[in-house]
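Me: I have a structure open and want to go through a few spots in it. Can you take my questions as they come?

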Amino acid sequence: MKKYAFLTMMIGFLLAGIIFCQSPQLAQAKTNYQIVKRSYTANVAYHPRNPEKNGYVWQTIDHSKVGHNIKNYPNTTWQVSRQYVIKHNGKNAVYYRVQGISPKNNSVKGGYIWRAI
């Protein structure tokens, strides 16, 4: 009888150990940004349609890190050097690679901005 109880207890501990030791699956956002088209422009000046509205200049094309908010740079002229067509979730969007130039000719870090801003 003791052997049966010991064997049952060992199987229970073994099953509990297997269940608790399995690593949990971490939830991660799926980033599936795909560059469809890339073209170069001749440093065209760009000004946002509404400089008082929130609009972000992303440091990376896949929206992983925000660089600047357009609202904080109302007098800055942004120079467009490249144009990208990005496909995300089945929809195409046009993004510009921009570099900011302030009125005093101080360079502001650039990034990627959505065309509709």
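**Working through the model**

Reply: Threonine 76 is a place to start: in this predicted model, it sits in the loop between E3 and E4.

Me: Is threonine 76 buried or exposed?
Reply: Threonine 76 counts as buried, because its relative accessibility is 6% and the cut-off for buried is under 20%.

Me: What does threonine 76 touch, not counting residues up to four places away in sequence?
Reply: The contacts of threonine 76 are His47, Gly100, Ile101 and Ser102, with residues up to four places away in sequence not counted.

Me: Next, the core. Which residues make up the largest nonpolar core?
Reply: There are 11 residues in all: Tyr46, Val57, Ile70, Trp78, Val80, Val85, Val94, Tyr96, Val98, Val108 and Ile113.

Me: Which strands each supply at least two residues of this core?
Reply: E4, strand E5 (91-101) and strand E6 (107-114) each do. In soluble globular proteins, nonpolar side chains tend to be buried together.

Me: And what is in the second, separate core?
Reply: That core has 5 residues, including Tyr84, Ile86, Tyr95 and Tyr112.

Me: Back to Ile70. What does isoleucine 70 touch, leaving out residues up to four places away in sequence?
Reply: Isoleucine 70 touches Pro48, Pro51, Gly55, Val57, Trp78 and Ile113 on that basis. Of these contacts, Val57, Trp78 and Ile113 are also listed in the largest nonpolar core.

Me: How many aromatic pairs are there?
Reply: The count comes to 4 aromatic pairs. One of them joins tyrosine 73 and tryptophan 78.

Me: What is the geometry of the tyrosine 73 and tryptophan 78 pair?
Reply: The pair is edge-to-face, with 6.0 Å centre to centre and 85° between the planes. Tryptophan 78 is buried, with a relative accessible area of 0%, whereas tyrosine 73 is partly exposed at 23% relative accessibility.

Me: Switching to glutamine 83. Where is it found?
Reply: Glutamine 83 is in strand E4, residues 77-88. Its relative accessible area is 25%, so it is partly exposed.

Me: What is glutamine 83 in contact with, leaving aside its neighbours within four places in sequence?
Reply: Glutamine 83 contacts Lys37, Arg38, Ser39, Val94, Tyr95 and Tyr96. Val94 and Tyr96 are listed in the largest nonpolar core, while Tyr95 is in the second one.

Me: How many residues apart are glutamine 83 and tryptophan 114, and what is the C-alpha to C-alpha distance?
Reply: They are 31 residues apart in sequence and 10.0 Å apart in space, C-alpha to C-alpha.

Me: Now the backbone. What is the phi of asparagine 43?
Reply: Asparagine 43 has a positive phi of about 45°, and it is not a glycine. Most residues other than glycine have a negative phi.

Me: Where is asparagine 43 found?
Reply: Asparagine 43 is in strand E1, residues 34-46. At 47% relative accessibility it counts as partly exposed.

Me: And what about the phi of histidine 63?
Reply: The phi of histidine 63 is positive, near 60°. Histidine 63 lies in the loop between strand E2 (56-58) and strand E3 (66-69), and is partly exposed with a relative accessible area of 25%.

Me: Last one, the surface. Which residues form a nonpolar patch there?
Reply: Phe6, Met9 and Met10 form one, with about 310 Å² of accessible area together. Methionine 10 is in helix H1, residues 2-21, and counts as partly exposed at 41% relative accessibility.

Note on methods. Residues numbered from 1 in each chain as written. Predicted model: local features only at pLDDT ≥ 70, side-chain atom pairs only at ≥ 80, totals over all residues. Heavy atoms only, no water. Helix = DSSP H or I, 4+ residues; strand = E, 2+ residues; numbered from the N terminus. Buried < 20%, exposed > 50% of the residue type's maximum accessible area, 1.4 Å probe, protein only. Contact = heavy atoms within 4.5 Å. Core = buried A, V, L, I, M, F, W, Y, C linked by side-chain atoms within 4.5 Å. Patch = residues over 30% accessible without salt bridge, like charges linked within 9 Å, V, L, I, M, F, W, Y side chains within 5 Å. Areas by Shrake-Rupley, 256 points an atom, 1.4 Å probe, with all protein chains shown as cover. Salt bridge = Lys/Arg side-chain N within 4 Å of Asp/Glu carboxyl O. Phe/Tyr/Trp six-rings, centres within 6.5 Å; stacked < 30°, edge-to-face > 60°.
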